[in-house]
Every structure is written in structure tokens, then in C-alpha cells.
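Here are my notes for you on this one. Have a look at the fold, then read through the points in order.

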Amino acid sequence: MSFALDEVGLTHSNGFASLSGITLSAAQGESIALIGPSGAGKTSLLNTLGTGHLPTAGRMTVLGQPVTASISASALKALRSRIGTVYQATPVPLRQRVVTAVLAGRLGRWPLWKALASLAYPQDIPGAREALARVQLQDKLFARCDQLSGGQLQRVGIARVLYQQAELILADEPVSALDPALSLSTVQLLVQEAAARQATLVASLHAVDLALSCFARIVGIRAGRILFDLPAAQVSEAQLRALYAGTQDRTLPPGRTPAAEPPAAMVMACR
């Protein structure tokens with residue numbers, strides 16, 4: 001088992017409950033897409049799985065480690081080194097070089113001397129170059145992050161997770177700044193990476209057609225609760241309409257309904 005959540009809730013210090021009664025588990029190697037309207041709790045769920053937030057209710061185990069308020073700092077650090085997160089807005093110092101940002105993926109596993117040395121002189125330039133090549137950014141190896149576009153920064157974040165070789169990959173809107181063609185190839189890369197290494201992938205996506213065509217399992221979230229957890233082929237039009245009812249989210253290109261079949265080319269590319 002990669003992770004297991006049993007009636008997990010997350011209530012913030014201001015009293016707002018962003019998650020309630022979440023029961024969800026995944027076997028090692030599964031790829032899951034989280035869909036739902038803005039503010040549904042997708043990011044909160046990913047942050048909880050990544051131990052950025054600890055549950056305030058229920059039980060959670062991640063990569064064999066029970067995660068509770070009493071978990072030690074050392075155990076939490078060791079667990080986080082096994083989890084890779086792709087953020088919608090990659091949190092890297094903008095004056096940092098791309099090679100350093102990618103190599104940061106393994107800082108949690110390196111001894112302190114190596115981590116500090118890598119800030120002055122990158123310790124694995126070939127490894128960083130290889131990871132960047134997989135997201136078509138090998139020519140930006142020594143560029144500064146403030147010289148990149150938002151989409152390029154997102155791909156640097158993905159390269160960092162690829163270099164990290166995490167056992168659990170969490171991706172929060174990882175292609176929000178990319179064009180449709182690049183979005184497809186990037187999501188496809190994440191799914192293939194997880195399958196090749198038997199890593200677990202959980203990704204939140206606004207593009208419902210991309211989720212349905214590239215992921216075998218779809219979890220619909222609304223108001224901090226799971227509305228459905230189904231194989232992609234079993235997600236119905238009625239369920240999608242209920243999930244997005246009353247929202248203004250543009251989850252699909254203009255002129256398409258949530259129930260529309262994804263383009264055949266996209267389905268073939270993701271399989």
C-alpha cells in the first residue's frame with residue numbers, strides 16, 4: 001500500500017474545514033487524477049498526503065509510515081525525502097540557476113556537506129541535464145530561474161521530481177501554464193515515469209478530458225469530500241455535472257461538455 005486515509009479531516013486554525021471524512025487508499029504504482037471545482041479541497045488533499053498539513057481527524061499512513069501529530073521530526077524528514085511534489089507555482093528562488101533547482105530534488109537524501117557543496121558547484125550536472133531533457137529544457141541548464149516563463153518553471157519543477165525519483169509523486173495542477181500539446185506530453189511523461197518505477201502518482205487537474213484520457217482512476221472532490229472514486233471509463237456525465245454544478249470553472253475547451261469523449265488522438269497518446 002502506498003497510502004491509506006481513513007476518515008481524514010483537516011480543519012485550519014481559523015476553524016475552516018478544507019477536508020472532511022476522506023477515505024482513500026492507493027496501491028504502489030497507481031496513478032490517480034483528482035478533479036473538481038476550484039476550492040474543492042484538491043490542493044489540501046495533496047498537501048496532507050505530502051505531510052505539509054497533518055490531519056486533524058482520522059488516520060493516515062503514507063509509504064508505510066503512520067502520520068500523526070506525534071510523528072518525530074526525523075521520521076517526518078525521512079518520509080518527505082521519499083515524496084516528490086510538483087507545485088502549480090514552483091517555489092524556487094528566482095535568482096537560482098536551473099541546475100541547482102533540479103538537484104534540490106535529492107537534498108533530503110544527500111549528507112549535509114554534499115547539499116551545501118552543491119550550492120556552490122552542482123554535484124550532478126549530467127543527472128540534472130538528463131532530467132531537463134525529458135521536459136525539453138536541457139538548453140536551460142545554467143539559466144537563472146528568473147529568466148524562464150511560468151510554463152518553463154513548471155517544467156523545471158517536474159524535472160526536479162524526475163531527478164528525485166520519489167516513491168510518491170504529488171502534482172498540483174502541474175500543466176496549468178502549458179499549451180494543450182505540451183500539457184498532454186507532460187502529463188503523459190508523469191504517468192509513464194510512475195509506471196516505469198512503480199511509483200504512485202496523484203495529480204489534480206482542471207482539464208477533465210486530460211484526466212479521463214490519461215489516468216485509469218478518477219477521484220471527484222467537492223466541498224472537501226469525495227463524491228466518487230471510479231475507473232475513468234465508469235465516470236458518467238451525470239457525475240461530472242453534479243461535481244461541477246453551480247461553478248464557473250472552465251474545465252474543458254469551449255463548446256465541449258464534461259461528458260464529451262476525449263479526443264481519440266489524446267487517448268492513444270496516453271495509453
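1. Start with the contacts (heavy atoms within 4.5 Å): among those in the chain with a separation of 6 or more, 67% are accounted for by residues 24 or more positions apart.

2. A word on where this comes from: it's a predicted model, where local features need pLDDT of at least 70, side-chain atom pairs count only at pLDDT 80 or more, and totals for chains, interfaces and linings use all residues. Residues are numbered from 1 along each chain as its sequence is written, and side-chain values use heavy atoms, with hydrogens and water left out.

3. You'll find ten helices and ten strands in the chain; these are DSSP runs (helices H or I, at least four residues; strands E, at least two), numbered from the N terminus.

4. What about overall dimensions? The C-alpha trace spans about 55 × 45 × 35 Å along its principal axes.

5. Now zoom in on serine 31, which sits in strand β3 (residues 31-35). Is serine 31 buried or exposed? Serine 31 is buried, because its relative accessible area is 14%. Leaving aside residues up to four places away in sequence, serine 31 touches Val191, Ala194, Leu201, Phe215, Ala216 and Arg217.

Definitions and conventions
Buried < 20%, exposed > 50% of the residue type's maximum accessible area, 1.4 Å probe, protein only.
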